[in-house]
Amino acid sequence: MWIGWVYKGVLLVSRNDIVVAVKRLNEQFGQARGLDHLHNHVGGHRTIVHRDIKSSNILIDWNGVAKISDLGLSKLIVMGFGMSVIISNGVGTRGYCEPKYYSMGVVTKESNVYSFSIVLFEVLCGRLCISECNDGFILSGQLVRVEYKNKNLVKIIDPTIKGHFGSDSMTKFSAIAYRSLHNDREIRLTMDVVRKELEETLEFQVRSMTY
């Protein structure tokens, strides 16, 4: 049974201090696990590229389990036959869509990773991308890259999570999001690595709560 879109179930609720860091991290880990399945565990040398990963396409059930929805734009790639990309018109949602895919029409699994990194930064910053808030700050891939490189990310992090996240888990979570946002697809994290590192981040956070 669904309780709604992730930006309603996580971002807005968390701003009222209802959702703690462990719940947030567990939901992000669940999303990464779902994408990793589409990329690497469909079977038969096949991979599925979603092409429209965004907050409103990630649902959370009553148990806090994340589910990826709306595969209407997804494409199936059979690997090992000279195919690792899809050539198509750029589709997806502004702000989440990888700029290279949108401009050149070449989509890969790594395009999904870029979109997912935007979702991670939404969770970290407590706001939706491309939506202007009262402070005038508009979340975008370009802006968070600049703030991260300049070590100013703390300025845009949602203040309601600072008291919940341990320093180690906060540092690791933001690093995962940043490395998943890299412009170079060869350097960008793969989804299986994102899943593994988010799981480690969750473990860091759980350990920090025991001390």
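I began with E197, which counts as buried at 12% relative accessibility; buried means under 20% relative accessible area, exposed over 50% and partly exposed in between, with a 1.4 Å probe and protein chains only.

I noted that this is a predicted model, in which local features need pLDDT of at least 70, side-chain atom pairs count only at pLDDT 80 or more, and totals for chains, interfaces and linings use all residues. Residues are numbered from 1 along each chain as its sequence is written, and side-chain values use heavy atoms, with hydrogens and water left out.

**Entry: partners of E197**

I looked up the salt bridges of E197, a salt bridge being a side-chain nitrogen of Lys or Arg within 4 Å of a carboxyl oxygen of Asp or Glu. E197 forms one with R179, where the closest N and O atoms are 2.9 Å apart. This pair links distant parts of the chain, with E197 in helix 8 and R179 in helix 7, 18 residues apart. R179 is partly exposed, at 37% relative accessibility. I also found that K172, R179, E197 and E200 are joined into one network by salt bridges that share partners.

K172 forms a salt bridge with E197 as well, the closest N and O atoms being 3.9 Å apart. K172 lies in helix 7 (residues 167-179) and E197 in helix 8 (residues 191-208), so this pair ties together parts that are 25 residues apart in sequence. Helices (H or I, at least four residues) and strands (E, at least two) are DSSP runs, numbered from the N terminus. K172 counts as buried, at 18% relative accessibility.

**Entry: K54 and D52**

I then turned to K54, which forms a salt bridge with D52 at 3.8 Å between the closest N and O atoms. K54 is buried at 17% relative accessibility, and D52 is buried with a relative accessible area of 8%. I recorded a count of 9 salt bridges by the rule above.

**Entry: confidence**

I checked pLDDT, the predictor's confidence in each residue, from 0 to 100. The protein chain averages 80, and 83% of the residues score at least 70. Where pLDDT is low, the predicted coordinates should not be read in detail.
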